[in-house]
Amino acid sequence: MIPNPVSVSFKMKDGREISIETGRLARQADGSVLVRMGNCMLLATVVANAEPKPGQSFFPLTVDYQEKFASAGRIPGSFFKREGRLSDYEVLISRLIDRALRPLFPDDYFCDVQVIITLISSDMEVMPDALACLAASAALAVSDVPIQEIISEVRIARINGEFVINPTRSQLDTADMNFIIGATEKNIMMVEGEAKECQEADVVKAIELAHEAIREQIQMQKDLRDKVGAKAKREYEKPYVNPELEKRIYDYAAEKYATIARAALGKHERHDAMHQVHKDFEEMLAGETEELKDEDKKLISKYFHDVEKKIVRDMMLNDRRRLDGRGLADVRPLTMEVDFLPSPHGSALFTRGETQSLTTVTLGTKEDELLLESAATSNYSKFILHYNFPPFSTGEVKMQRGPGRREVGHGNLAKRSLEQMAPTGESFPYTVRIVSDILESNGSSSMATVCAGSLALMDAGAPMPKHVGGVAMGLISGENGKFAVLTDILGDEDHLGDMDFKVTGTRDGICGIQMDIKVDGLSMDIMMQALDQAHKGRLHILDAMYKCIPEARAELKPHAPRIEQINIDREFIGAIIGPGGKVIQEIQRETGTTINIEEVNDRGEVKIFAANKENIDKALKWIKGIVAIPEIGETYEGTVKSIMPFGAFIEFMPGKQGLLHISEVSWSRLDTLEGVLKEGDTVKIKLVGTDPKTGKLRLSRKVLMPKPEGYVEPEQRERSDRGDRGDRGERRGGDRGDRRGGGDRREGGNRGDRGERRERPQRNENQAQAQPNSEGFAAGNEGGASDADLAL
């Protein structure tokens, strides 16, 4: 079949163009599109099973976003050199799409749906996550998969006070607000982002501007769908229902559930009480003569859950009362403690109602930084946060298979929030790892992680200027526009409600937001009330946090690693590292430190880490010795490294040696150094000069010693004048015979009268000519020529 591609495009206000094409690639999928902006190209496909699996009772939607490294001309760095499981970065983008799409499918649609978005061409300046949901929604729009509305997402950032839609990667580096917004034509569906203490009004403005851009992208998808030829959405098998059984269960359980819901019981007590009602009903059915059909038995749990949902929601909407007895805007009781664990570098235990986080902070070196790799970028992060959600936190038994998508998403929100206030730069050059272990969970454990993380950072002595706290908001919506916004939601309120809206920040502004909507959209009026209520709840929690620890500790814990940093000239970097890393490895081994060196702005930046100051000082002295420049005339203390017949080699600075000639050891004449110096001895010497030929260093010990009484300086004689050597040609001719002309030396040719040769002056003992020794030093012995003098 010959491809017949169809495409549409539109230009953004800044002139950049986005295009969507279908009909060329992946034609066997139910829907596929190719989205392009610049050189960035995303292929999105959607496939849905024709029938649900037997017994399926929920909507199995899978969204996978993956970046092919070939899209940026790179080979993956893994052992197998191929793309593997999704990275955390890809999981987070997958979640952005999933959270926006999921509420738009019919409640009774249980067929498996798989949406796959693949980056097949990368552009360094185009952020693909801002286009991924557009691609996924467009693939659904041209398919017959029964999604109810078209959707899109955009990134909006505030750069130099101006809001920019889908900024470039380089522009985003200077943004103080960074949000991804998902929406249908009418309603906001998803919000995710971070900010440097922005105000609630700034968030509302950003959402409104983003919604305008989203409407343009939705219209483009409609144009594509119409151009292709709109497909009718497929019919699907509706799940079996029994209205009579549903009414019977409601009549039986409604009053009982209402009584339990108003009793303000704890989580497990409430669940046990409601489960007992369910159990009593099944026992009643067992005593009846007519047995329920198998398909009806499968509906009992669903109908009891529907009763619970209606009773609890009606109580909140009408009575303005919640499951644990709180008012709509009340925060659960708070308890918190820092320095809870003695060994970690920082720790905090944060408890809010039945939600509890034990959080630790560990300080590390540059070698502990985390590599964050995508197709287009490869960066290191020195601020790491891991969120763990073990099954015992909810009283369950489950297999532990590592962090899932939920854990990755919750941890990312906490990290982005705390990072806005985290210390950066040279004032705190540590790699920071925060680990939040959720010990109890009954709603908003990610916000407990933010609060506990802030407390633990201050306990560790990280110079956090302000505390960061967070609170989760919920929503119950009813008929005729009636709604209730809930502060600090419980797990059941999250499960039975319509919104999970998390807001983090300081007393002065918002640092992070994550919002999920489970119904068809959220009006701006509800959004504004939720933000205002979240602000009040956040301030309440922050007040308690400041009472626990008002500011960061002035000093790190005694067992926390210390760090010292010095800057050196770049030409000394190689000297510190040494051949094959020999020198730096020796320093680390001998001093018990970890040393990191990198070139920054044409300077060498040396960071020394150790558990105690003594080790740091030792390494620092060593390094300073390597980079120091010896000065002639200065006195040093050195160590004898080797003994030679003509003197000793002394290391007087790390990596720097000089020759202490035997004539410079003492004012007395020495024939040998035996009994005077030996290897390992410490000796005080003076740098008296350098060899003019080799530049090697010449040392003296005797100049630091007093001269013996009656000591007479040796007479320094000039070399004898050799006089006029005359015509040296006579030496070649004369009576020595013509060497070239046939004089036969072997037969005793006359070499002339050797007495006529000018005598060379006698060599004076005190005028031994200095000869380079085996190390290239020029040296002279006052008393006589040494082995080194005669080396040549």
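Helices α4 and α12 are roughly antiparallel to each other, because the angle between them is about 150 degrees and angles over 145 degrees count as roughly antiparallel. In this predicted model, α4 spans residues 200-228 and α12 spans residues 524-548. The axes of the two helices lie 10 Å apart, and α4 passes α12 in a right-handed crossing. On the α4 side, the contact is made by Glu 200, Val 203, Val 204, Ile 207 and Glu 208. On the α12 side, Met 524, Met 527, Met 528, Leu 531, His 535 and Arg 538 take part. Sorted by class, the contact of α4 with α12 comprises seven nonpolar, one polar and three charged residues.

From α1, the residues in contact are Ile 93, Ile 97, Ala 100 and Leu 101; from α2, they are Asp 129, Ala 132, Cys 133, Ala 136 and Leu 140. This contact of α1 with α2 has eight nonpolar residues, no polar residues and one charged residue.

Helix α1 also contains Asp 98. Is Asp 98 buried or exposed? With a relative accessible area of 13%, Asp 98 is buried, because buried means under 20%. Setting aside residues up to four places away in sequence, Asp 98 touches Leu 61 and Val 63.

**Salt bridges**

Side chains of opposite charge can pair when their charged atoms come close.

| Asp 306 | Lys 302 | 3.0 Å |

Lys 302 and Asp 306 are four residues apart in helix α8 (residues 300-319), so about one helical turn separates them. Lys 302 is partly exposed, at a relative accessible area of 45%, and Asp 306 is partly exposed as well, at 27%.

Asp 617 and Lys 613 also lie four residues apart, about one turn of the helix, and both belong to helix α15 (residues 613-627). Asp 617 is partly exposed, with a relative accessible area of 34%. Lys 613, by contrast, is exposed, with a relative accessible area of 55%, because values over 50% count as exposed.

Salt bridges that share partners join Arg 99, Glu 192, Glu 194, Arg 416 and Asp 516 into one network.

**Surroundings of Asp 176**

Asp 176 is located in strand β9 (residues 175-183). A relative accessibility of 26% makes Asp 176 partly exposed. Which residues does Asp 176 touch, not counting residues up to four places away in sequence? The residues touched by Asp 176 under that condition are Arg 158, Ala 195 and Lys 196. Asp 176 and Glu 194 are 18 residues apart in sequence, and their C-alpha to C-alpha separation in space is 8.3 Å. Glu 194 is one of the residues in the salt-bridge network named above.

**The chain as a whole**

The secondary structure of the protein chain comes to 16 helices and 31 strands. Of its 792 residues, 49% count as buried. Among contacts with a separation of 6 or more, residues 24 or more positions apart account for 69%.

How values were computed:
Residues are numbered from 1 along each chain as its sequence is written. This is a predicted model: local features need pLDDT of at least 70, side-chain atom pairs count only at pLDDT 80 or more; totals for chains, interfaces and linings use all residues. Side-chain values use heavy atoms; hydrogens and water are left out. Contact means heavy atoms within 4.5 Å. Ala, Val, Leu, Ile, Met, Phe, Trp, Tyr, Cys and Pro count as nonpolar, Asp, Glu, Lys and Arg as charged, and the others, Gly among them, as polar. A salt bridge is a side-chain nitrogen of Lys or Arg within 4 Å of a carboxyl oxygen of Asp or Glu. Buried means under 20% relative accessible area, exposed over 50%, partly exposed in between (1.4 Å probe, protein chains only). Axes are lines fitted to C-alpha atoms, for helices over the stretch in contact, and angles run from 0 to 180 degrees between N-to-C directions. Angles under 35 degrees count as roughly parallel, over 145 as roughly antiparallel, 65 to 115 as roughly perpendicular and the rest as oblique. A crossing is left-handed if the near helix is turned anticlockwise from the far one by less than a right angle, and right-handed if clockwise.
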